[in-house]
Amino acid sequence: MSTSDQQAAPPRLAVPELLIGIGLFACAGAVAWQTLSIPVSPLYSKVGPTVFPYITMIGMTILSLLLIVAALRGGWQPEEEKETPTDWKAMGIVAVGLVANLVLIQPLGFTAASVIMFVLICYGFGSRHPLRDVLLGLILALAAYFGFARALGVNIGAGFIENQLNTGLDSIIRVLRG
Amino acid sequence: METLSHLAHGFSVAFTPVNLMWCLLGTTLGTAIGVLPGLGPALTIALLLPITYQVAPEASFILFAGIYYGAMYGGSTTSILLNTPGESATIVTALEGNRMARSGRGGAALATSAIGSFVAGTLGTLGVAFLAPVVVKFALSFGPAEYFSLMVLAFITVSAVLGSSSVRGLTSLFIGFVIGMIGVDLQTGQPRFTFGMSQLLDGVDVIVVAVGLFAVGETFYMASRRYAGKDEIVPLKGSLYMTAAEWARSWKAWLRGALLGFPIGALPAGGAEIPTFLSYAIEKKLSKHKEEFGAVGAIEGVAGPEAANNASAAGVLVPMLTLGLPTSATAAIMLSAFQSYGINPGPMLFMTQANLVWGLIASLFIANIILVILNLPLIGLWVRLLKIPAPQLYAGILVFATVGTYGISQSPTDLVILYLLGGAGFLMRRFDFPTAPVIIGMILWPLAETQFRRAMTISNGDWSVFYKHPLSLTLLTLAFIGLIGPHIYAYVERRRMRGPEHVPGDA
């Protein structure tokens, strides 16, 4: 029933899908630019470093054109997705949280930056208990920091909080070892 | 019989207290992340990849395999009680399982899926133990040309044949190709796709890509859909013990599901979607209680697909271990764990790393036993995990995502790439592009290039090696059929469908 309705209606241009197609076409262009700028040494004439990039370039170009054609024919979004309005505000707040983390992780250290990100993301998702979130974020960030940094030996950016705790922890270990 | 002695040796590796502890840790963690929506085995294993610098290969693969199997068990709990399938492989479980939970038979649904997972997982692991040596013997005769053609076939099957659209699947795959080529070309020393940035010379780490697509992308997606309405958790009702009638209806479905899932998983195509959907269709056809399907929920419709899912997860390990050919995102990340140890999966693995391989297979048997215990008596604990509110859950996932990414080299550039990939992951999720082909593509494309170059060097630059070797030609032909076949089929179907419609219009 719905399919016959769709067939009866003339295919309409789907703008979001068209933008995706054009974006991928631009990516194919970037791939082409990078492929053409790979210097080819005559020593490796048999299979140089450019054969696979060329294959990728051609594939990307064809696929992005096929996606543009699909967009011109009405797109491919599932109905359910189309009907759900995107919550741009929530996404925006989450993005602000990520950017804050990116900017603050070096000056403030991992834990402090993570707590700020945690609170912002919770807020974006609709949580209205910032104090509780600060506490939760702090516990989680410290668990992640000590789980990874100390147990797995991964070095993640230490800031003020970590340094204090690290000195504390080291002295406790020293005391325990006698 | 050689297999049995190998297996016995494997159990001696897996039964050491330390390795048992890794197995317990992996299965517990796996179940938890399987239950939690938004976290999957691929993301978790990616975040834990740094462990490969710390412990022996046996330990980390026992941990990863426990996570891999555990996520399958945990995922079914979420499908049944929440009706939000965490992974495509558990979509079918949600169909009947959630209906059973709503009609007060959630306990039986959870029981049949856990016991079915155990039966199928054990059969599947036996399948790995007995099939892998056979594949190894066969694979020893492979040359570089055959390997290259096999990878081409895998590229086509994971992207174009499975999933809803071959164009979108291939697009994802090619995005993976581009990411995989970033960095210095190991053979010639030429930088490729670095856009002149020195930070990109080492390439993009698979951790960044997996975390970006699966964690950051998923968080954006969930944030964007706050208007979509919430899924409610169906409270767990009914006893976990199945009645005699329920056992009678389940056991055949388990066996059929396992027999369907393992071979399909073991093919270089992989994927759990096809066997689960096939199993559902078969059970519906064979059931004596057809009226329950789609109404109150039929137990066969949970038992069969859930068994098929777990058996195919075991099957995926066959091409991964014997050929170095990953056919799922999780397997691709495990392959990069092998690379970080400097081990190349492939037929030689069974000779050079017998301890590792057989210890891993033996630990899978143990994992299955631990998992059925973890998932039945302790089910109440896992249900509680479902109640973690979304804001704190996703914010927490991103804290761990930051740790995993920033920990690689403390470079904010990695975080920038992570967030950009997160944006891409959101668009892919929103516009129905599969994400697994990106991971498979980025891991496998450089390997395919190596095999291609080897083949061309041996043949002195003669392209005909790829179609003059009969096996290579067969594989390439299969790949071509996989690419073109579905389109021809769809075209023919459309013609047939359109035929009778035109008649009344003309008249």
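In this predicted model, B:Asp432 is located in the loop that joins helix H18 (412-430) to helix H19 (436-458) of chain B. Although B:Asp432 is not a glycine, its phi is positive, about 60°. Most residues other than glycine have a negative phi. B:Asp432 counts as partly exposed, because 14 C-beta neighbours lie inside 10 Å, and a residue is called buried at 20 or more.

B:Phe193 also has a positive phi, near 55°, and is a residue other than glycine. Its place is the loop between strand E2 (191-192) and helix H9 (206-224) of chain B. Is B:Phe193 buried or exposed? With 23 other C-beta atoms within 10 Å, B:Phe193 is buried. A further positive phi, near 85°, belongs to B:Gly104, which follows H5(B).

| Residue | Phi |
|---|---|
| B:Asp432 | about 60° |
| B:Phe193 | near 55° |
| B:Gly104 | near 85° |

**Helix H5 of chain B**

Helix H5 of chain B covers residues 91-102, which is 12 residues. From its first C-alpha to its last, H5(B) reaches 17 Å, close to the 16 Å expected at 1.5 Å a residue. Of the 12 residues of H5(B), 10 are buried, so the helix is largely enclosed by the rest of the structure. Among the buried residues are B:Val92, B:Leu95, B:Glu96, B:Arg99 and B:Met100.

Helix H10 (residues 244-266) and helix H11 (residues 273-286) of chain B pack at an angle of about 150°, with their axes 9 Å apart. Since angles over 145 degrees count as roughly antiparallel, H10(B) is roughly antiparallel to H11(B). The crossing of the two helices is right-handed.

On the H10(B) side, the residues that meet H11(B) include B:Ala253, B:Gly257, B:Leu260, B:Gly261 and B:Ile264. On the H11(B) side, B:Ile274, B:Pro275, B:Leu278, B:Ser279, B:Ile282 and B:Glu283 take part. By class, this contact has 7 nonpolar, 4 polar and 2 charged residues. An α-helix has 3.6 residues a turn, so residues three or four places apart point the same way.

Methods
Residues numbered from 1 in each chain as written. Chains lettered and ligands numbered in written order. Predicted model: local features only at pLDDT ≥ 70, side-chain atom pairs only at ≥ 80, totals over all residues. Axes fitted to C-alpha atoms, helices over the stretch in contact; angles between N-to-C directions. Helix = DSSP H or I, 4+ residues; strand = E, 2+ residues; numbered from the N terminus. Parallel < 35°, antiparallel > 145°, perpendicular 65-115°, else oblique. Left-handed = near helix turned anticlockwise from the far one by under 90°. Contact = placed C-beta atoms within 7 Å. Nonpolar A, V, L, I, M, F, W, Y, C, P; charged D, E, K, R; others polar. Expected span 1.5 Å × (residues − 1).
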